[in-house]
Amino acid sequence: MVKHQPLQVYEKQVFVSFVTGIYGCRWKRYQRSQDDSSRWECAWFIILCSSFLLLLFWAYFWLVAQNDFNDFNWLVYNRSGEWRDETIPILASTTVGFSYITFLLILALFHISLGQQLNLYWVHKIGVLATLLTTISGVVSVDDIWGNEWDILLVSLQSTAPFLHIGALATVTAISWLVAGYVVRRERSNIQMMVLAMYIVILLALCLAPLTFTCPCIMDRHSLKPPPGVIGRRGAPMLAPENTMVSFNRALQHGASSLEADVTISVDGVPFLMRDRTLRRTTDVSKVFPGRQYEDASFFNWTEIRSLNAGQWFLESDPYWTVETLTAKERSRIGNQTVCGLMEMLRLAARTNSSALLNIRKPPPEHPRYRSWFMDTLWAVQKAGISQKRVRTVTWTPDTDRGRVRGLQQTTNEKLSVEEMRQRGITSLTLHYSKASYKDIQEYVANNVSLTVYPVNEPWLYSILWCSGVPSVSSDAPQVLRKVPYPIWLMSQNAYNFIWITSDLVSLAVVIGIFCFQNYHMIRWKMSGLQNYNPEQIMLSAVTRRTSRDVNIMKEKLIFSELNNGLGSTEELSLYPENGYAIYSHGGLGR
C-alpha cells in the first residue's frame with residue numbers, strides 16, 4: 001500500500017486566537033496548549049489579580065477623595081512651594097493602569113474558561129510589574145503626605161456600602177462558573193477542596209456583610225431633618241479667589257447661609273484674610289516685594305498688604321479649571337481684587353443677614369500684636385456693625401487665650417464630649433468629617449450642640465451628613481451643594497432588608513445551579529466516552545469534495561496514540577490531496 005501524508009482540516013477559531021494572541025502572543029494554533037498551566041504562570045496570574053485588587057482600591061480612594069482635592073493640592077504646595085493641580089497626573093495614570101490590568105485579567109479569565117494554558121507575554125509581565133510598583137509607590141507617598149485621608153474610605157462606605165455589596169455579590173456569583181469548572185471537571189485534590197472552601201467562605205461573608213453596615217440614609221423618609229446650612233468656606237474658592245470679596249459674594253449668590261474666613265493680624269494690628277503663612281501663592285508679593293516673599297504674612301503692615309493684587313493668580317493658574325466659564329466682566333473684577341480685610345467681610349455678612357465663622361491664627365511670639373491680637377479682632381467685629389451673636393471664632397490657641405476673646409461665640413475644632421464642652425464654656429463644635437461618626441453626631445444634636453462639619457464638597461458626603469442630622473456644613477463648593485435638593489439616595493430599613501435578602505437568595509440559587517449544571521454536564525461527558533475530547537479536534541473532510549474557500553487545510557502528520565480511536569489495527573485513513581476524498585485502505589490494498 002502506498003501511504004499518503006494526510007491533510008488536517010481545522011475550523012476557524014477567531015475568538016480563541018484573539019484571546020491567546022493578545023494575552024500571550026500565541027496567534028497560531030500549534031502555539032496553543034490545553035495542558036495545565038505551569039506554577040510560574042499561575043504565580044503571574046496571582047500577581048495580576050493582586051495588581052487588579054490594589055488598583056481597584058486605589059481608584060476607589062481617589063474617586064471618594066475628590067471631596068478633598070483642594071486640601072491635597074495645598075499640602076503639596078506647602079512642601080514644594082509651587083501650586084499645581086497634582087491630582088490630574090494621578091487620575092490619568094490610575095485610569096490607564098486600571099484599564100490595562102482589567103483588560104489582561106479578563107483575557108486570563110477567558111483562558112481559564114476556554115481551557116487554554118496561561119502564558120502571559122513577557123511584555124505584559126513588564127507592564128504588570130511596572131503598574132504594580134507604581135501603585136505601591138503611590139500608596140506609600142500618599143500615606144506620607146496625606147495619611148489622615150485614609151479615613152475617607154470608612155466614611156464613604158456609609159454611602160456606597162449597599163451598592164458595593166451588590167456589585168461584589170454579582171462578581172463572586174459570576175466567578176462560580178470558573179470555580180465549578182475547576183472543582184468538578186478534574187480529579188479531586190487538596191488544592192481543589194481548598195479553593196472550594198475559600199470560595200464558600202467568601203460567598204457567605206458577602207451574604208452576611210450588611211449586618212456590619214452603618215448607613216444613615218437607610219431611614220424612614222418622614223424622619224429626615226431639614227438640609228444642613230451651607231457655610232462658604234473662604235467664600236466660593238472654586239469660582240473666585242479664596243478669601244476675597246468677590247468670592248464671598250459668589251458664595252452668598254449660591255445659597256450659602258454663612259461665611260468662613262481665615263484671619264491673620266498685620267504688624268500694625270489690622271485683621272485681614274489669608275490662609276497661608278506667606279503671601280506667595282495668592283498675591284503678587286514676589287513682584288512688589290521680591291525680597292520678602294517668604295516672610296510671614298503677619299509681619300507686613302496693612303498698607304503694604306493692601307497694595308498687593310489677590311486675584312490675578314487665580315486667572316493665571318486656573319486651579320479649579322473654572323476660568324473659562326467666567327465672563328469678561330467677571331475676569332476683570334477678579335483681576336482687580338486686593339487682599340480682603342476682616343471688617344469688609346463682616347460688613348458684607350451684616351448686610352446680607354449672614355453669620356460668620358472665623359479661623360484666627362495667633363501671631364508668633366516676636367510679633368508686636370502677640371498679646372493684643374484678640375482685642376484687634378474684637379475691635380474689627382464691633383466696627384463692622386455685626387451682632388456678636390452671629391460671629392463664631394475658632395482660635396488655634398490654648399484655653400487660656402480662648403477665654404480672652406470676650407463677647408464672641410467660641411467654638412473648637414477639637415473633638416470633646418458634651419460634658420467637657422460645658423465645663424470649658426464652649427457652645428459650638430467644628431469637626432472634620434472623619435472625626436464625626438454617626439453616633440457622635442446623634443449625641444451632639446440631642447444635647448443641642450451647634451455642630452459644623454468640614455470640608456463637605458461632594459453630594460454623597462452632604463447626603464449622609466444630612467441624613468445624620470448635622471445642622472451645618474462648611475464647603476468649598478456651595479455651587480455644587482446647591483444642586484442637591486434631596487439626599488442622593490434614601491430608603492427605609494424594610495426596603496433595604498428586602499433588597500439584601502433577595503439578592504443573597506438569588507446569588508445562592510445561581511451558584512448552586514451552576515455547580516449542579518457543571519456536575520451534570522461532566523457526568524454525561526464521561527458516560528459518552530469522550531474523556532479525551534479536544535475542543536480543537538481535527539475535522540477530516542469525508543466523501544464530499546471541499547474547496548479551499550470552505551476550509552483551511554494544513555499539512556502535517558496525524559499520530560494516533562491508540563489503534564482503536566476509530567480505526568482497526570490494519571486500517572488506515574488516507575486523504576488524497578489530488579481529489580480531496582477520504583478513503584479507507586485495508587491490509588495490502590493499494591491505491
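Is cysteine 207 buried or exposed? Hi everyone, let me start there. Cysteine 207 is buried, with a relative accessible area of 6%. Buried here means under 20% relative accessible area, exposed means over 50%, and partly exposed is in between, using a 1.4 Å probe and protein chains only.

A word on the model. It is a predicted one, where local features need pLDDT of at least 70 and side-chain atom pairs count only at pLDDT 80 or more, while totals for chains, interfaces and linings use all residues. Residues are numbered from 1 along each chain as its sequence is written, and side-chain values use heavy atoms, with hydrogens and water left out.

Now the overview. The protein chain has 20 helices and 13 strands; these are DSSP runs numbered from the N terminus, with helices being H or I of at least four residues and strands being E of at least two. Of its 591 residues, 47% count as buried. The accessible surface comes to about 30800 Å², and 60% of that belongs to carbon and sulfur atoms; these areas come from the Shrake-Rupley method with a 1.4 Å probe, and for residues only the protein chains shown count as cover. Taking contacts (heavy atoms within 4.5 Å) between residues at least 6 apart in sequence, 69% join residues at least 24 apart.

Back to the cysteines. A disulfide is counted when a pair of cysteine sulfur atoms lies within 2.5 Å, and that rule gives one disulfide. The partners are cysteine 217 and cysteine 467, with their sulfur atoms 2.5 Å apart. This pair links distant parts of the chain, 250 residues apart: cysteine 217 sits in the loop between helix H7 (190–208) and strand E2 (229–233), and cysteine 467 in helix H18 (residues 459–468). The torsion about the S-S bond is about 95 degrees, so the disulfide is right-handed. Cysteine 217 is buried at 1% relative accessible area, and cysteine 467 is buried too, at 7%. Cysteine 25, on the other hand, is partly exposed at 32%.

Next, let's look at strand E3, residues 258–265. What covers the score for burial here? Eight of its eight residues are buried. On one side we find Ser258, Glu260, Asp262 and Thr264, on the other Leu259, Ala261, Val263 and Ile265, all of them buried. For its neighbours, strands count as paired if DSSP finds at least two bridges between them. E3 runs parallel to E5, joined by six bridges, with alanine 261 opposite leucine 358 and valine 263 partnered with isoleucine 360. Five of the six residues of E5 (residues 355–360) are buried, so E5 is largely enclosed by the rest of the structure. E2 also pairs with E3 in the parallel sense, over three bridges, and isoleucine 231 has serine 258 as its bridge partner in E3.

Strand E4 (residues 271–273) is antiparallel to E3, with three bridges, and there valine 263 partners leucine 273. E3 and E4 form a hairpin with five residues between them, and glycine 269 in the turn has a positive phi of about 85 degrees.

One last stop: where does glutamate 242 lie? It is in the loop between E2 and helix H8 (245–253), and glutamate 242 is buried at 8%. Its side chain makes a polar contact of 2.8 Å with the side chain of arginine 281. A polar contact is a pair of N or O atoms within 3.5 Å; within protein, one must be able to donate a hydrogen and the other to accept it, and residues adjacent in sequence count only if both atoms are side-chain atoms. Leaving aside neighbours within four places in sequence, the residues in contact with glutamate 242 include Arg234, Arg275 and Trp313.
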